[in-house]
Amino acid sequence: MKKLLMLLLLFTTIKATAQLENPVDKDKKAKLDKTFIEGSKIKLNNLTSAQTRSLITLGKLWGFLKYYHPSVAKGDYNWDFELFRLIPKVLDAKTNNDRNEVFSNWISSLGVFKTIETKTVVGNVKYNPNFDWFNKSGFSKKLLNQLNLIKKADRTTESYYVKMYNTETPVAIFKNEDAYASFKYPDDGYRLLALFRFWSIYEYFSPYKNVIDKPWINVLEEYVPKFLLAKDELDYKLTAAAFIAETKDSHSDISPYDRAFIEFYGKFKPNMEIVFIDNLPVVKYSNDEIVGINTLKKGDVIQSINQVSVTQLIKEKLPYFTASNLPTQYRKLASQFLRTNDTLMRVTYSRNGKIENTTLKCFPYNRMNYRAPMPADSGFKMINNIAYFNVGRIKTKLKSVIPQALKAKAIIIDMRTYPNPTSFAWDIGKYLFQKPMDVAKYTQGSVETPGLFTYMSDEYMANVKIGENKDAPYPGKVIVLVNEETQSLAELSAMALSARPNTIIVGSQTAGADGTVGMPVTFPGGISTGFTQIGVYYPNGKETQRIGIVPDFKVKLTVNGIKEGRDEILEKAISLVP
């Protein structure tokens, strides 16, 4: 069990203490270079299309050398500042041949290194690094030879800029990445650095870049002009948020409580919780309604806010929320949608088919209770001889209630939350399975060969099996409830329980973000984000990212159900028990 708990930590965010500076890094040449600490001194106005293309190519090359060249790995260069040194040279190049010569001289200046003709790969390969862009960038034969030689460089398992957390939690820790937090609105060079930094990290350490909507290589091309055109702090940070949203990863966010975002979303909010149904915000809970204030009620459908249609507001705000699928994107939007910079909010809404108007009182968003209170039960109860577990609020030990649960005609496990304890599915699985069952396959990245993803060993994955040999396991139905709140370890737990033949999944599409979130990646300007770093697949290799756990019985919430305070997913589950 101890090793299982360690493995389940793969599905938690690695704590910030993991990125503390390594003492051996403090005397590196990279650490001593302070040349551009006050600014990049780069202004990029009126670029030609050729110059823009050269910058895009520079970004790709800069990222490749950062993670592949041994001299960079040793900490011989402040790689952020090397970018600022190269940008003027690249822009001054008159022809493609001149640009290639700049690149070639740059690589030569990094020095010589040992090579390994054939690298030994441990584990079955899921993805190999993709360097097709080498041959599509107009590089000279000399430059191509240099790059192909660097691919064969003898690299270690840790560099100045990246290392693996440990063997039990093989996610990349991105070290020595200065947040440059004092640059609230970074200059042109630092804005490009922000783009190139995250693009390169995601290019070489994301197991899921192949399942996003656009080729990741093209995303860089799209965003170089956008980052350069960002006109102020808010515009820069919104551009960064939209860029991160291209990853389609529910684990990725920029905090909406950053100073610039506070102004954008608003400092105030009415005391209510909403949920989106058919792309419209519906009141799920109103704290003011309980105390008798004349305000919106459960089931009211909001049509406009301060005379702006919700359709327009969704169009303006949704692109800045990162999610693996649309239901989860709406889940994230819902928590910020009603924020405003005024203490009053004019709302047009629909109630019982009638359009009405009201003015809502708003309160500081960080000092109010706008979510429905949790039920008073302990997370376990009996419903018509059905045992019900809410895995997010189990306050009693499983052993104390499992005898009663095993006598029930069915067991419902509510996974519409993050499991607490994290091992709940495996704990109850001891009573549900006749024999141990495979749960998933994992892939991990590589510091020695960035961009390579291999399956973790069968021995490693054996520790994630669910169940144990049992002559007479629980014979009844097990029903697992899921929705867009089911994310990460909750999704893995649902996967594990669904390995049982008589288990049914009921609800709606889950968040589609399975695996570990590593240390946040910082951007100049003091913002940061994370992303999923360990690939998770069904035992047969089927994808889970973006898809999530597909219900056997899909349940769509309705306005009437919200109005009447019904739990339609739970109702469906109960109806499936004879």
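Predicted model: local features only at pLDDT ≥ 70, side-chain atom pairs only at ≥ 80, totals over all residues.
Biologist: Why is K60 called buried?
Modeller: The relative accessible area of K60 is 7%. Buried means under 20%. So K60 is buried.

Biologist: What makes E221 and K60 a salt bridge?
Modeller: The closest N and O atoms are 3.6 Å apart. The cut-off is within 4 Å, so the pair counts as a salt bridge. E221 is in helix α9 (residues 216–229) and K60 in helix α3, 161 residues apart, so the pair links distant parts of the chain.

Biologist: Why is D438 with K465 called a salt bridge?
Modeller: Their closest N and O atoms are 2.3 Å apart, and the limit is within 4 Å. D438 sits in the loop between α16 and β14, K465 in the loop between α17 and β16. D438, at 44% relative accessibility, counts as partly exposed. K465, at 31%, is partly exposed too.

Biologist: What makes E564 and R566 a salt bridge?
Modeller: The N to O distance is 3.0 Å, against a limit of 4 Å. R566 is partly exposed at 34% relative accessibility.

Biologist: How many salt bridges does the rule give?
Modeller: The count comes to 31. K66, D80, E177 and R197 are linked in a network of them.

Biologist: How do you know that the buried residues of α7 line one face?
Modeller: The buried residues of α7 (residues 141–151) are L143, L144, Q146, L147 and I150. Seen down the helix axis, they fall within an arc of 160°, so they line one face. Their cover includes α3 (49–68) and α6 (96–109).

Biologist: Why is strand β13 called largely enclosed?
Modeller: Five of the five residues of β13 (residues 410–414) are buried, so the rest of the structure largely encloses the strand. A410, I412 and D414 are buried on one side, I411 and I413 on the other. Side chains in a regular strand alternate between the two faces of the sheet.

Biologist: What makes β12 and β13 a strand pair?
Modeller: Five bridges join β12 (residues 386–390) to β13. A pair needs at least two. The strands run parallel, and I386 has A410 as bridge partner. β13 also pairs with β16 (residues 477–482) in the parallel sense, over five bridges. There the partner of A410 is K477.

Biologist: Which elements make the right-handed β-α-β unit?
Modeller: β12, helix α15 (residues 398–406) and β13.

Key. Residues numbered from 1 in each chain as written. Heavy atoms only, no water. Buried < 20%, exposed > 50% of the residue type's maximum accessible area, 1.4 Å probe, protein only. Helix = DSSP H or I, 4+ residues; strand = E, 2+ residues; numbered from the N terminus. Arc of directions from axis to C-beta. Contact = heavy atoms within 4.5 Å. Right-handed = clockwise from strand over helix to strand, strands pointing away. Salt bridge = Lys/Arg side-chain N within 4 Å of Asp/Glu carboxyl O.
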